[in-house]
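User: I am new to this structure and would be grateful for a close look at a single part of it. Please set out how that part is packed and what surrounds it.

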Amino acid sequence: MSTRRVGIIMNGVTGRMGRNQHLARSIAAIRAEGGLRLGGELVMPDPLLVGRDEGRLRELGEQFDITALTTDLDGALRDPDYPVYFDAQTTQGRERALSMAIEAGKDCYCEKPSATSSSVALALAQQAERAGVRNGVVQDKLFLPGLLKLAHLLESGTLGEVLSASIEFGYWVFPDHIGAAQRPSWNYRAEDGGGIVLDMFCHFRYLLDHLFGGVRAVVARAATKIPERVDEQLRRYRATAEDDATALVELANGGIVTIHASWCVRPYRDDLFVLKVDGTKASAVADLRRCRFQPGEATPRFTWNPDLPQELDPREAWIEVPARAPVQNAFRYQWERFLAHLVADEPFPWSLRDGARGVQFAELAAESIAERRFVEVPEW
Ligand SMILES: NC(=O)c1ccc[n+]([C@@H]2O[C@H](COP(=O)([O-])OP(=O)(O)OC[C@H]3O[C@@H](n4cnc5c(N)ncnc54)[C@H](O)[C@@H]3O)[C@@H](O)[C@H]2O)c1
């Protein structure tokens, strides 16, 4: 079997997502397995690590057996041996680097959000379309085992017409010395591109678009519930970005979705992310790995009487949806799809334009918060 090398410039891989999800669990894992089998050939991603600190890049290179590294992004973009650019920098650094990469004719893949404003996100998508480069944005939640199972239920019509849905996302991110913060401190500073609306509403948009066929309008509220936090060096800093957001979304089909996303909650639910859907024929509840559903035929007949203990357990009579394929890391799944898009021309709908819709949704939610009103979502 012939091996096809694909040179990928990887920028921002010393960070949390870049290192753990994109390098360790995706690209380095594919390399360690001898490449990705696609049709009659093996595709071998060959990364060039780019960052600001040569020492940290070297350390990373040693860990993953990668020798190509540089602090010179311009030089890397001029190198024809690396036709693909990947970006997992902090969001603010991404726009300029992506634009330079498109200009240099590179195929581009990046973390979400693709930019900090919808106008720039859309301009980047248009620039890539004009240049004819292949492009994509990470939409990992679509490929989590629980959400893949839910997608299957929706596509097969098992749930009937979707009436309503709810999304509960979040956990307690330690703001103090009781526990070291589990997330980078820039996430809590608006001036550094932080905030739960920009961070999470991109994810919500692609979930609502791809699972339910699009959104029509949004009304949202957000707050900075914890105004002071402790950073990576255990210094106190002022949190200027919102850490809790609630939204009500009208779907294109008229269904209603409620969303609560927070880094200031202690979960009492099945997982850190739970999406529940109620349809005319059945309901379903998906978390990161599992999905259960309850068809009309199995729905308990509850009657309301708080004077007596409830005899029927609302958590019974749900059917577990089995996995249809071996479970794999969601980021790797999407990397494999992107590689297949690059070398075998397979479709890749999670483009920069699709990613720009996520930034648009976050921006419209922010507009709704500022103006305290429902905002329509124009089609792109
Ligand atoms: N898909 C997801 O579920 C998901 C989850 C978390 C974060 N993200 C996104 O991934 C990106 C990276 O997030 P992270 O949590 O890995 O952040 P991080 O702070 O851990 O890593 C940021 C990376 O960017 C680099 N960088 C470049 N310029 C920088 C600057 N001026 N200041 C600070 N760092 C700079 C850092 O060296 C590092 O490699 C963000 O855009 C974020 O929105 C996506």
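At what angle do the axes of α4 and helix α5 (residues 118–131) cross, and within what distance do they come?

Analyst: The model is predicted: local features need pLDDT of at least 70, side-chain atom pairs count only at pLDDT 80 or more, and totals for chains, interfaces and linings use all residues. Residues are numbered from 1 along each chain as its sequence is written.

The axes of α4 and α5 cross at roughly 10° and come within 10 Å. Axes here are lines fitted to C-alpha atoms, for helices over the stretch in contact, and angles run from 0 to 180 degrees between N-to-C directions. Helices are DSSP runs (H or I, at least four residues), numbered from the N terminus. α4 and α5 are therefore roughly parallel to each other, a term for angles under 35 degrees, whereas those over 145 count as roughly antiparallel, 65 to 115 as roughly perpendicular and the rest as oblique. From α4, the contact involves Glu 95, Leu 98, Ser 99 and Ile 102, and from α5 Val 120, Leu 124, Gln 127, Ala 128 and Ala 131; two residues are in contact if their C-beta atoms, placed from the backbone, lie within 7 Å. Six of the residues in this contact are nonpolar, two polar and one charged. Ala, Val, Leu, Ile, Met, Phe, Trp, Tyr, Cys and Pro count as nonpolar, Asp, Glu, Lys and Arg as charged, and the others, Gly among them, as polar.

The domain assignment of the protein chain gives domain 1 (2–140 + 330–350) and domain 2 (141–326 + 359–376), with bounds that come from an automatic or database domain assignment. In domain 1, 17 residues are in contact with 15 residues of domain 2. On the side of domain 1 that touches domain 2, α4, α5 and α8 are the elements that give two or more residues, and α8 gives the most, with three. That side has five nonpolar, nine polar and three charged residues.

The ligand is surrounded by 20 residues, the closest being Gly 15, Arg 16, Met 17, Gln 89 and Glu 111; a residue is near a molecule or strand if its C-beta atom, placed from the backbone, lies within 6 Å of it. Both domain 1 and domain 2 give residues to this shell, so the ligand lies between them.
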